[in-house]
Amino acid sequence: MSGSITYNGHHLNEFVPQRTSAYVSQQDWHASEMTVRETLEFAGRCQGVGIKYDMLVELLRREKNAGIKPDEDLDVFMKALALEGRQTSLVAEYVMKILGLDICADTIVGDEMVKGISGGQKKRLTTGELLVGSARVLFMDEISTGLDSATTYQIIKYLRDSTHALDGTTIISLLQPAPETYELFDDVILISEGQIVYQGPREYAADFFAAMGFRCPERKNVADFLQEVLSKKDQQQYWCQYDYPYQFVSVTKFAEAFKTFVIGKRLHEDLDRPYNRKHNHPAALSTSNYGVKRLEILKSNFQWQRLLMKRNSFIYVFKFIQLLLVALITMTVFFRTTMHHDSVDDGIIYLGALYFAIVMILFNGFTEVSMLVAKLPVLYKHRDLHFYPPWAFTLPSWLLSIPTSLIESGMWTLVTYY
């Protein structure tokens with residue numbers, strides 16, 4: 001492959017693509033101990049609420065100027081959230097309402113071991129994490145997996161309205177979308193065997209295949225027709241030129257024919273004409289690596305780590321009790337004995353006790369390794385999405401482990417020293 005990629009006339013080294021765009025994965029990786037609201041607010045604090053908060057404030061201002069009286073309950077709700085002083089909470093509540101997550105806002109996310117929200121709600125939460133941010137380009141990978149068609153329709157409708165209102169770009173791959181969901185899209189990109197068969201306005205997709213001799217029957221979902229017409233097994237049923245014998249049309253022939261189709265010609269003309277970067281809106285590109293200042297990122301991470309420790313407090317208490325019991329048993333080994341310090345052999349006993357103490361505290365710390373390993377996918381996801389740099393995760397976790405380490409070593413020393 002050759003060539004260069006530009007966005008709004010700018011090369012990828014002129015701005016930060018990971019902050020300008022966001023990739024919504026099929027994998028739902030979240031900290032299982034946090035609630036839905038906490039997850040969204042943390043994502044908002046790390047990304048910086050950006051344009052969405054400004055949009056809501058502008059909406060309230062325009063309503064006031066136009067003399068529009070909004071619903072009283074909703075107005076009080078929005079003002080109360082705005083007065084809390086945390087801008088993210090307003091956007092988080094707004095996104096939760098849109099995605100239908102308000103019913104489980106205070107439920108923990110959960111995992112294989114802890115009961116939490118359902119698979120469909122997790123899928124919506126994965127989408128919501130990036131909607132609270134300021135990314136202007138969203139790449140969404142099969143976000144409808146595990147969702148019913150009504151919920152998928154609701155999410156896509158919100159994304160469409162948001163994309164149009166904010167002049168953004170949203171590219172979504174969907175698995176067998178319902179007809180009403182398909183109708184929400186402006187453009188369709190049909191890819192098969194690594195080739196673009198059609199790319200252009202949704203309403204002309206069926207016309208292109210009709211020109212090729214394949215008609216979509218009435219009451220047939222157009223999205224299903226577009227997938228089936230490229231298949232060797234299903235293609236024949238759509239053949240409509242009965243004067244000619246049917247012959248299988250390969251993907252390569254469709255791709256070549258699209259270049260001569262009116263939409264294909266227009267697309268190539270648009271691509272041949274470079275985008276004038278002077279027309280680029282200043283807010284369209286992110287030039288900073290992270291959404292907020294370093295101190296703010298560190299503060300958010302510190303609060304996040306402390307919350308996770310609080311939710312896992314049972315494990316820490318269990319560790320302390322376990323260590324205390326081992327210390328008591330170790331103490332009884334030397335109970336009512338006179339410790340001599342005359343020869344090397346006497347010194348070895350002291351050294352043995354010290355070595356045993358270090359080994360015990362070391363093994364006691366292994367309990368946290370499995371917790372860290374479970375958090376790694378979440379950490380990698382946040383790092384790749386430029387939520388925070390890895391040091392901002394490491395520093396608070398290191399600082400917060402100091403008090404527990406002091407308690408453990410202090411407890412062991414108090415019991416076994418004498």
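Thr127 is buried, with 1% relative accessible area; buried means under 20% relative accessible area, exposed over 50% and partly exposed in between, using a 1.4 Å probe and protein chains only. This is a predicted model, in which local features need pLDDT of at least 70 and side-chain atom pairs count only at pLDDT 80 or more, while totals for chains, interfaces and linings use all residues. Residues are numbered from 1 along each chain as its sequence is written, and side-chain values use heavy atoms, with hydrogens and water left out.

Thr127 sits in helix α6, residues 119-131; helices (H or I, at least four residues) and strands (E, at least two) are DSSP runs numbered from the N terminus. The side chain of Thr127 comes to 3.2 Å from the backbone oxygen of Lys123. That pair is a polar contact, defined as N or O atoms within 3.5 Å; within protein, one atom must be able to donate a hydrogen and the other to accept it, and residues adjacent in sequence count only if both atoms are side-chain atoms. With neighbours within four places in sequence set aside, Thr127 is in contact with Val24, Met140, Ile143 and Ile155, where contact means heavy atoms within 4.5 Å.

The structure holds 16 salt bridges, each a side-chain nitrogen of Lys or Arg within 4 Å of a carboxyl oxygen of Asp or Glu. One of them joins the side chains of Arg277 and Glu14, at 2.2 Å from N to O. Arg277 lies in the loop between α12 (262-272) and α13 (294-311), and Glu14 in the loop between β2 (10-11) and α1 (17-20), so the pair ties together parts 263 residues apart in sequence. Arg277 is partly exposed at 39% relative accessibility, and Glu14 is partly exposed at 34%.

Arg202 and Glu203 also meet in a salt bridge, at 3.9 Å from N to O. Arg202 is buried, with a relative accessible area of 18%, whereas Glu203 is partly exposed at 46%.

Glu256 forms a salt bridge with Lys259, with 3.8 Å between the closest N and O atoms. Both residues belong to helix α11 (residues 251-260) and are three residues apart, about one turn of the helix. Glu256 is partly exposed at 45% relative accessibility, and Lys259 is partly exposed at 44%. Elsewhere, salt bridges with shared partners join Arg37, Glu93 and Asp106 into one network.

The remaining points start from record annotations. An unreviewed UniProt entry assigns "domain: ABC transporter family G" to residues 176-231; UniProt positions are given in the numbering used here, feature names are shortened, and annotations may be inferred rather than shown by experiment. In the model, this span is 32% helix and 23% strand, and its end C-alpha atoms lie 15 Å apart.

The unreviewed UniProt entry also gives "transmembrane region" for residues 314-335, 347-366 and 387-407. Residues 347-366 are 95% helix and 0% strand, with end C-alpha atoms 29 Å apart. For residues 387-407 the values are 86% helix, 0% strand and 32 Å between the end C-alpha atoms.

Trp391, Leu395, Trp398, Leu399, Ile402 and Leu406 form a nonpolar surface patch with about 590 Å² of accessible area together. Patches are made of residues with over 30% relative accessible area and no salt bridge, like charges being joined within 9 Å and nonpolar side chains (Val, Leu, Ile, Met, Phe, Trp, Tyr) within 5 Å. Accessible areas come from the Shrake-Rupley method with a 1.4 Å probe, and for residues only the protein chains shown count as cover. Leu395, one of the patch residues, lies in helix α17, residues 390-416, and is partly exposed at 34% relative accessibility.
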